[in-house]
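Here is a briefing on the structure shown below. It goes through the contacts by topic.

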Number of protein chains: 2
Amino acid sequence: MYSIQDVSKKTGLSAHTLRFYEKEGLLTHVERSPGGFRQYTDEDLEALGLICCLKNTGMSLQEITRFVALTHEGEQTLKERVELLRKHRENMIARMAEMQKYLDKVTWKVNFFSEKLRAYEEKKQKGEG
Amino acid sequence: MYSIQDVSKKTGLSAHTLRFYEKEGLLTHVERSPGGFRQYTDEDLEALGLICCLKNTGMSLQEITRFVALTHEGEQTLKERVELLRKHRENMIARMAEMQKYLDKVTWKVNFFSEKLRAYEEKKQKGEG
DNA sequence: TATTGACTTAGAGTAAACTTTAAGGATTAA
DNA sequence: TTAATCCTTAAAGTTTACTCTAAGTCAATA
């Protein structure tokens, strides 16, 4: 069992954000102590792991909420969930391919400017010498 | 020479956004027709290509503006520009590695849920038969 | 028992990057 | 010539995902 602060430290999400996520239906049914304090389980942490994974790869909180809601509806939503994840996976792959293209471009630019810089420094050197 | 609409179509940025970028100092010194209409050159398109590349890989407009300003200052800022681009390139590489990890996770989840779905469909089949 | 941490609702504030509106006038292409 | 496109300034609005504040109460820990 973890307090909200424990989970905040483990996930990097603030306590505010954890409560916000709960209110928005991203992480639901968090257990409570007799006194009403949130008590997160390892399962909750795992769920948060998936939530952060999806969020950090461009899925909106709204879509994640939808996915979580489907999960709670049980087995009959398995097909839809698989489709949702597959689609997201395709998006990720496309995004990564795009990133690779951009990386090539930036690499080229870095080399180009490095060469210009080298020439400039050399010129400066000669001017001084 | 391209009109603002031409450039909008070519880049996918709206005319509004192009004017906004100009105002913000991202794309500067765009030529004008005698009547005051913007006339973009191929050079402008190239510059926009780099701007979109940086933007789409997570650089903020503020940072891009800074880079553009350095460019206008001339050769003596070459070193800083190279450093800036190198740093951004490192960020991109780190981000891509992170994405790959997330992709592995999502791939695993897709397979896991697919298997669950398969088992579920089989169970349903048997129930019906 | 004192201090720290947690709880609630409700709403305001923030940042980035647009996006839209308004209002009126000028230019360009067919 | 006429319809479509462009110009300006200035400001308000939008979206997402938080982030913070307030105000008051309750719980847990040393």
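36 residues of chain A are in contact (heavy atoms within 4.5 Å) with 36 residues of chain B. The model is predicted: local features need pLDDT of at least 70, side-chain atom pairs count only at pLDDT 80 or more, and totals for chains, interfaces and linings use all residues. Residues are numbered from 1 along each chain as its sequence is written, chains are lettered from A and ligands numbered from 1 in the order written, and side-chain values use heavy atoms, with hydrogens and water left out.

**Chain A against chain B**

- The two chains, A and B, bury about 3700 Å² between them. Carbon and sulfur atoms carry 76% of that area. Buried area is the accessible area (1.4 Å probe) that two parts lose on being put together, summed over both.
- Met96(A), Met99(A) and Phe113(A) supply 16% of what chain A buries against chain B, more than any other three residues.
- Two salt bridges are counted between chain A and chain B. A salt bridge here is a side-chain nitrogen of Lys or Arg within 4 Å of a carboxyl oxygen of Asp or Glu.
- Glu75(B) forms a salt bridge with Lys123(A), and their closest N and O atoms are 2.9 Å apart.
- The interface of chain A and chain B also has 10 residue pairs in polar contact, both residues at pLDDT 80 or more. A polar contact is a pair of N or O atoms within 3.5 Å; within protein, one must be able to donate a hydrogen and the other to accept it, and residues adjacent in sequence count only if both atoms are side-chain atoms.
- Helix 3 (42-55) and helix 5 (78-128) of chain A each supply at least two residues of the side that touches chain B. Helix 5 of chain A gives the most, with 26 residues. Helices are DSSP runs (H or I, at least four residues), numbered from the N terminus.
- By class, the side of chain A that touches chain B has 19 nonpolar, seven polar and 10 charged residues. Nonpolar means Ala, Val, Leu, Ile, Met, Phe, Trp, Tyr, Cys and Pro; charged means Asp, Glu, Lys and Arg; the others, Gly among them, are polar.

**Domains of chain A**

- Chain A is assigned domain 1 (1-73) and domain 2 (78-129). The bounds come from an automatic or database domain assignment.
- The C-alpha centres of domain 1 and domain 2 of chain A lie 33 Å apart. Eight residues of domain 1 and six residues of domain 2 make the contact.
- Domain 1 and domain 2 of chain A bury about 750 Å² between them, with 75% from carbon and sulfur atoms. Thr57(A), Phe67(A) and Leu70(A) supply 55% of the area that domain 1 buries against domain 2, more than any other three residues.
- One salt bridge is counted between domain 1 and domain 2 of chain A. Arg66(A) forms a salt bridge with Glu80(A), the closest N and O atoms being 2.3 Å apart.
- Two residue pairs, both at pLDDT 80 or more, are in polar contact between domain 1 and domain 2 of chain A.
- Helix 4 (residues 61-73) of chain A gives the largest share of the side of domain 1 that touches domain 2, four residues. That side of domain 1 divides into four nonpolar, three polar and one charged.

**DNA strand C**

- Which residues come nearest to DNA strand C? Of the 18 around it, they are Arg19(A), Arg38(A), His16(B), Tyr21(B) and Ser33(B). A residue is near a strand if one of its heavy atoms lies within 4 Å of it.
- Sugar and phosphate make up 87% of the atoms of DNA strand C within 4 Å of the protein.
- An N or O atom in the side chain of Arg32(A) is 3.0 Å from a phosphate oxygen of DNA strand C.
- Helix 2 of chain B gives the largest share of the surface near DNA strand C, four residues.

**DNA strand D**

- Among the 18 residues around DNA strand D, Tyr21(A), Gln5(B), Arg19(B), Arg32(B) and Arg38(B) come nearest.
- A side-chain N or O atom of Arg19(B) is 3.0 Å from a phosphate oxygen of DNA strand D. A backbone N or O atom of Leu61(A) lies 3.3 Å from a phosphate oxygen of DNA strand D.
- Helix 2 of chain A gives the most to the surface near DNA strand D, with four residues.
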